Amino acid sequence: MAQIIGLPKLSPTMEEGVLVRWTKKEGDKVSPGDLIAEVETDKANMDFNIEDEGVLLKFLVKEGDTVKLGAPVMILGKAGEDISELTAQASSVDAAPAPSPAPKPERSAPTTKPPPIAAKDGKPASQPIQKPAAVTAPPTEKPASARPAPKSEGARVLASPLAKSMAIELGIDLRNVTGTGPGGRIVERDVKAASEDGQELGADRAQAADRKPERDDDDVDAKTTQAIAIRTPRQPPDPDTEYTDVTASNMRKRIAVRLTEAKRDIPHFYLQRQVDAAPLLAFRGRLNELLGDRGKVSVNDLVIKAAALALRRVPDCNAAWVGEAIRKFHQVHIGVAVAIEDGLVTPVIRNADQKGIGSIAAEVRDLAERAKHKGLKSHEITGSTFTISNLGMFGIERFTAILNPPEAGILAVGAVMDAPVIDLEHGTVVAGKRMTVSMSCDHRVIDGALGAKWLQAFAELIEKPELLAL
Amino acid sequence: MAIISYREALNQAMREEMERDENVFIMGEEVGYYNGAYKVTQGLLQRFSERRVIDAPIAEMGFAGIGIGAAMVGLRPIIEFMTWNFSLVAIDQIVNNAAKLYQMSGGQYNVPIVFRGPGGPAVQVSSQHSQSFESYYAHVPGLKVVMPSTAYDAKGLLKTAIRDNNPVVFIEGETLYNSTWEVPETEYLIPIGKSDVKREGKDITLIAWSKMVWTCMDAAKVLADEGIECEVVDLRTLRPLDIDTVADSVKKTGRAVIVEVGWPVAGFGAEVAYQVQKLCMDYLDAPVDRVTSDDVPMPYAKNLEDEVQPQIKDVVAAVKRALYLE
């Protein structure tokens, strides 16, 4: 019996993906676990492994197409099976819920309404965004398999009683959890997955916002694309101003949604502190001297280690607001913001407090390198409990960062600057090294004094860097 | 501990209780000189004489009624049905007299009687001799219904049943008579109305009794190889039902499958399913499921006989459904 296969959830926060490349051809036989395609998600390029056995009878999307989570991507069955009905079904699922989002010529000048995705010259700047297979789950014989069935807007959330109990306990909004049970029922494992993926919190809020009915907005795009960024009202530009709208990549959209959510919903406050960086530079110099050509330690690597140890000393800052509770993490996983083309990712150094400086350095280098090629796996970019963003290498003296939900703290690290420093012993002004760090805190979790205590611990570790080796 | 058969365990239970209490006697077809159609009463005639081990004519209604009368006036009869299939001609005595006299006499008459014999499908004895009656009797207030799955449980429960002042329907597994189990050499009793966790697991609760306990245990082994840990709860007693043990287990695992060899419609598993959903609603991750025999009279042909009864693969499939694995 042939069946339609929908796009599976390949990263914890993905809502759609770009089918980058089919690695199999129509007509190929596949067994469970076979790699059949590469999919660009909001985070990275992910492998799409098939979970069933059969013959790939028909691809329903082309390479380069953007596909909503759960939307049909292919038909799997036995060789020679009649799939005309399924093909029709798949295309009706695809097309039925909405008219084509293709750009209309008269809309080429933006209005306050979200513009269609188009360049000014009227050519589509990207593939039209496909409609999700909302309303109905992908019509298959075996709805119980792991193909996610996205919930339609306003539809009743189907969840097992256990899943509901767990969601209440864990403070998880079931509307944002993808059900993998029959008919898209949310079952225990789905809630567990959502809970284990701390990142879900932020994403959930984004999705919840997405689902708010927008009756005054008849533009189909706005309802179905990740809307926050797109929905932001824009002033009609001066008619003489020329411009190009560049379609946002998945990553860009995700960044837009998450950061808007984070900045809007989390009560941020900021603590700044200047630390004496001279001992740190000396320490780093000594380490690199010892390492020779076996590697290199950066200031940031030492900052990661110092932050991790400071979190051990002040564990209340290693926490997250989860609705009715403050979740205190037992491990220290440091996210390190890495700039990549068109965005940023935050690979995670797990148990950074327990790792040596050398291995942190090596790990950061490896992750950053692979991040540049979108080669990070989902587990390498999720689960951090505290994040560090460092713009020192760009000469930025100080800045403040937006929290990375659900974490309660993020440290923005500025450049080490030459500064006049008062030598208390001699009462003279001498040349010194100073670094300014700014901690953004979620006030629901961290109060001023607590944040200050953490910064104090951090400063001590930086100013007496031998402590980092202990 | 001695390893003895289920048959021997039952024999020991009756022998010990007859030694202990001279009011206990056995009556049934072929229980004396033939030593029982299934040899469960082996040697009892020799030991206790015709006065206490009585061969009855082929008249279940008659000797069931005589037993009830004897119980009302102070004796403790054990009425053996050659199989529970033949109890149907005596069901009026069991349901209308044994079960009700205590209540209808305003507590003047106890009916301390045990009706026992093999039940459940046997091997190639066809429709009329291969069926399960526990759901019939468990339906009736005033009766206790006991269905042990091991020699250990059989002995301890039969001794308790004989001492019970109420009528007890004691249904033995016809295909379990030769199965062996460790049984203490010293005396022990097992209370009626207490389930037993035969295997511990965290992923799903399998609920069964009598022979199906072993189908569940075998399925649990298969599933363990796939990393699925089944908890197997042996009800042992259907009435009164120890639902607490079941509910505790289901609250732990979040899933329940009830396996019974009887028919699906109004089978006892339906009652268990009802109580589980009622008590464990907020803990369930999947619908409570049942595995039963097919809704047909038992065929004679061996292949069909196997086909209609719950097999290991059926239990495995139900477990995977409940875990959303298929």
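The following conversation concerns a predicted model and the terms used to describe it.

Visitor: How do you know which faces of β7(B) are covered?

Guide: In a regular strand the side chains alternate between the two faces of the sheet. Val168(B), Phe170(B) and Glu172(B) lie on one side, Val169(B), Ile171(B) and Gly173(B) on the other, and all are buried, which leaves both faces covered.

Visitor: Why are β5(B) and β7(B) said to pair?

Guide: Pairing requires that DSSP finds at least two bridges between two strands; β5(B), residues 114-119, is joined to β7(B) by 6 bridges and runs parallel to it, with Val114(B) bridged to Val168(B). Strand β6(B), residues 144-146, also qualifies, since 3 bridges join it in parallel to β7(B), and Val145(B) has Val169(B) as its bridge partner. From β6(B) the chain crosses through helix α8(B), residues 151-163, to β7(B) in a right-handed β-α-β crossover, a name given when, with the strands pointing away from the viewer, the path from the first strand over the helix to the second runs clockwise.

Visitor: What makes a set of residues a nonpolar core?

Guide: Its members are buried Ala, Val, Leu, Ile, Met, Phe, Trp, Tyr and Cys residues joined through C-beta atoms within 7 Å. The largest has 112 residues, and Leu206(B) and Val257(B) are among those with the most contacts inside it. Domain 1 (2-183) and domain 2 (196-322) of chain B, with bounds from an automatic or database assignment, both give residues to this core, so it lies between them. Another core, of 88 residues, lies apart from it and includes Ile266(A) and Leu461(A).

Visitor: How do you know how confident the predictor is in chain B?

Guide: On the pLDDT scale, which gives the predictor's confidence in each residue from 0 to 100, chain B has a mean of 97, and 100% of its residues reach 70 or more. Local features need pLDDT of at least 70 and side-chain atom pairs count only at 80 or more, whereas totals for chains, interfaces and linings use all residues. Residues are numbered from 1 along each chain as its sequence is written, while chains are lettered from A and ligands numbered from 1 in the order in which they are written.

How values were computed
Buried ≥ 20, exposed ≤ 12 C-beta atoms within 10 Å, placed from the backbone. Helix = DSSP H or I, 4+ residues; strand = E, 2+ residues; numbered from the N terminus.
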